[in-house]
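Dear colleague,

I am handing over the structure below, and my notes on what was found in it follow directly after.

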Amino acid sequence: DVPKATEPRGDSDGPRRGSLCDRHCAAINNVQGDVSDLGCHLHRPRGPPAVSPPSCCQQHSEEVCESCVVKTTLTAENAVEANKLSNNYKFGFKKWKSHVTARPWEDRSEIVKELYSDLNVIRGSGGSTVTCGNVLYLLLFGWWLSFLYVLVAAVMFITVAGAPYGRLCWDLAGYFLWPFGKVIQKVEVPKSQRALGACEAGAGESSPLLGGPVPSRWRPRCWAGGRHWQRAGAVVWFCLGYPMLVLAHGLVCVTAWLLVVLIPVAKLNARTATRVLLLPPEQAVVRRLKMTEVPLEGEVILCCYRAVNPYYYKYAVDGINVFAVNLLPLVLVTLVLGYVDSHNRLTSSPVKFTLALLSIMPLSYYIGMAIASISAQSNFAVGAVVNATFGSITELTFYITALIKGSREGNRCYAEIVKSALTGTLVGCVLFVPGLCMVIGGIRHQEQRFNSRSAGVSSALLFLSVGGVFAPTLFSKVYGKLVCGECHNVTQNPLGHYLCHNCHFDLMGNNGTLYYSHVQPLVYTVSLLLPAAYLIGLFFTLKTHTHIYDIHISGCHMPGHHHSAVVHWSRWRALVILLLSTLCMSACADLATEHISPILTNSTISQYFIGVTVLAMVPELPEIVNGIQFALQNHLSLSIEIGNCIAVQVCMLQIPILVLFTIFYPTNFTLVFSDLHVYASMFSVVLMNYIFMDGKCDYFQGTVLVMVYFILLAVYFFAPSPSGC
C-alpha cells in the first residue's frame, strides 16, 4: 500500500508529521523538500499533497513500512527552548510547559502584549466603560479611595500652604471614583511661570496644538507667594497627605494583585503612588478623554480602560507564573508561624498544617522551573543527574520527615500515612491526571492521538513496578499468620461463625523468623531490582530506541527577528533557587508532619482518605497544571507521560529510597501494604493500559478514568482507619 502523505496544516503552529517510509521513498525518487526537515517559515501548498509513485514502496518489504514511526516536528525560538522541548519527550525528565527563556515580543499575541503594557497608552474608542469589572472596582475600591482624597484635600486647604496639593487631591478624588476613560498627564511648566507672578505670565499663554489660549481648567496651578510657600506646601504634603494616600494605594495594590484578574488596578495604584503623587501639583493634569479632543502636550502617566482582565492567569514575573509569585509570601508566613509560635498561641495545629501543605505548591513549582532551566542549559548527563536527584525531592522530603517523627514517637500511623500517600500518588497519576487532561483537552479537540509505543514503555514499567512493590505484600498474605484483635461468636455455638475485628497478618511470630528470614530479604531484593529496571528503561528510551519518540526540533526564524536566548534563570541562579526551595520544602514538610497528629487523632475521616488525597495530590498540582496545558495544545502524549513518569518514579525510585533510608535509620515502615492499596493500584494500572491500547482517546474515556478515581476515593473515605491508629 502507498503510504498516505501528511495533510497540510496551513499556518497553524501544531506539529507536522511525516513517516520514515515517506522520507525513504522521497530519497529514492530524488524528491526534495522532506516534511520533517522544513523550518516553520516554509509551508506546503494548500493543494493536493504529493504522493510518492506506487513503485517506490513496492520496492521495500512490508517490515520497513510497518516499522515507520510518526515523526513530530516542533518549533523553538532558540537552542535553549529546543533543549527543553526535547527533554519533555525524554523518559525520566520532568515535563515543563512554561518557557525558560524570554519569548520575542513580536511573536506574542495582542492579548498577551496587553497584559505587559503600561497603563499609559491612549487607545481609540473601545466601547462603553460601564462594565461589570469596572463596577466591581467602584464597589471595592473606588468609593472609599475618592472619599479619602476628599478628606486629604480638606486637610491641605486648611493648612493654606498645601492648597495646591489640595486642588490636586480634589481632582484625583474624581479620577479614582471612576478612572476609566480618563487620563493623567505630566505637563511641563516653563521656568518663567514657576517664578513669582507666574499666574499673570501664563494668563495669555497659547497652546500650539489647540491654536488658542489654554483653558483655565488646564492651566498650571500657581499661588501667591514665593519659593518659601512652595517648600512649605511640599513639607505639609509629605508629612500629612502623602503617607496616608500611599498606605491606601499600597493596600489596594496588594489586594488587587492577589486577586490576579484585578492586576490592572494594582498597576494603576502602584503608578499613582510612585509617580503621580510625587509630581509638583502644577504639573499633574487630569482630563477626560474625548474623541473630538486633541491631546495636550505632555507625558501620559495613567490611562486605564478596564479594571478586570481574565487573561492575567497567563501573567509571569521573570518567567514565574503570577500564582506562584502570590503564594511565595505564604511560605514565609508558614515558616514564621511554625517555628516562632511553637506553642500554638497564635494559631492552631490544623491551621499550621494547612499552611504548610499549601506552601508546598509554590515550592514544587520553583523546583520544577529550576530543574527545567538547568536541564535546558546543560548537556544530557547533567540534565539526567539533576532530574534523577531532585525529580522526586518534594515527595521524598515529606515521607522521610513523617517516618522520622513516627519513629521518635513510636506511632505506626505515620508509616501507614506514608503508604497511603504513595498509593494515592500512584492511583492519582494513573487515573486522575491523564483522565482530567483527556476531559479538558477533549473540550477543544474531538479526538486526541498519542504515541502508543512510548506509552507502552511506561505501561510495561508500571506493570513491573507494581508487581515488584506488592510482591512482599502477596508473600506475607500467603505465608503470614492471620491475627485478629477481637472476635465474637455470632451463633453462640463454639463451632459456629465468629466475627473478628482489627485482623492483620503477623510477620513477627516466632521472634520474627518469617519477617527477618524471608520477607525482609525479599524487600531488599525488590528494592535493588526496581531501580535497575528503571535504569534499563532509561537506556532503552534514551539510547538504543530513541526512534520511539522521534522528535525533530526546528528553529522558528522569521525575517527581522532576533533569536538569541535570553534565559529567565541562569544555571547558577536556578541552582541556588533549587537548593533554597528544597531547604524550604524540608522545613514545610517538617511542619506538616509536626501538626498532622491532631488531625489524625481528632478527625472522623479515615487516615487512608487523608493520605491518598491531600498528602498525595497537593504536591502534584504543578504537574497537573502542566498536563492540562499540554492537553489543550493537543500534546496529549506529554500529559500521559507526566502521570506515568510520576507513577513509575514512585515505585522504582521513591519506595526503594525509603527502604534504603530505613536501613540506616530504623522506622516502622515495611513494604507490606493493606489489601485495599494492592487492589486499588493493580486495578488502576490494568484499566489505564486498557484505555491506552489504541493510541487515541476522547473526553468519554477520560471521564471513565476520573469516575473510577472518585469511586476509589469513596472507598477510602468510608474505609476504617488502619489498625493501631
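Glu110 counts as exposed because its relative accessibility is 60%, and exposed here means over 50%. Its side chain meets that of Lys113 in a salt bridge, with 3.9 Å from N to O, and Lys113, at 18% relative accessibility, counts as buried because the limit for that class is under 20%. Both Glu110 and Lys113 belong to helix H5, where they stand three residues apart, about one turn of the helix. Please keep in mind throughout that this is a predicted model.

The structure holds nine salt bridges in total, and some others deserve a description. Lys94 and Glu623 bring their side chains together in a salt bridge of 2.7 Å, N to O, and this pair links distant parts of the chain, since Lys94 sits in the loop between helix H4 (79-88) and helix H5 (110-116) while Glu623 sits in helix H23 (residues 621-632), 529 residues apart. Both Lys94 and Glu623 are buried. A further salt bridge joins the side chains of Asp341 and Lys352 at 3.6 Å, N to O; here Asp341 is in the loop between helix H12 (322-340) and helix H13 (349-376), and Lys352 is in helix H13, eleven residues apart. Asp341 is buried, as is Lys352. Finally, Lys405, Glu409 and Glu594 are linked in a network of salt bridges.

At least two lining residues of the largest cavity are supplied by each of H13, helix H14 (380-390), helix H15 (393-409), H23 and helix H24 (636-664), and the largest share, five residues, comes from H24.

Turning to the strands, how many of the five residues of strand S3 (residues 182-186) are buried? Four of them are, so S3 is largely enclosed by the rest of the structure. Strand S3 pairs in the antiparallel sense with strand S6 (residues 284-288) over five bridges, and within that pairing Val183 has Arg287 of S6 as its bridge partner. Strand S3 also pairs with S7 in the antiparallel sense, over five bridges, and there the bridge partner of Lys186 is Glu299.

Val260 has a positive phi of about 65° although it is not a glycine; Val260 is placed in the loop between helix H10 (227-258) and helix H11 (263-274), and it is buried, with a relative accessible area of 4%. Asn634, likewise a residue other than glycine, has a positive phi near 65°; Asn634 is found in the loop between H23 and H24, and at 32% relative accessibility Asn634 counts as partly exposed.

Tyr665, in the loop between H24 and helix H25 (675-691), counts as partly exposed at 30% relative accessibility, and Tyr665 and Ser407 are 9.0 Å apart in space, C-alpha to C-alpha, although they are 258 residues apart in sequence.

With kind regards

Definitions and conventions. Residues are numbered from 1 along each chain as its sequence is written. This is a predicted model: local features need pLDDT of at least 70, side-chain atom pairs count only at pLDDT 80 or more; totals for chains, interfaces and linings use all residues. Side-chain values use heavy atoms; hydrogens and water are left out. A salt bridge is a side-chain nitrogen of Lys or Arg within 4 Å of a carboxyl oxygen of Asp or Glu. Helices (H or I, at least four residues) and strands (E, at least two) are DSSP runs, numbered from the N terminus. Buried means under 20% relative accessible area, exposed over 50%, partly exposed in between (1.4 Å probe, protein chains only). Two strands pair if DSSP finds at least two bridges between them.
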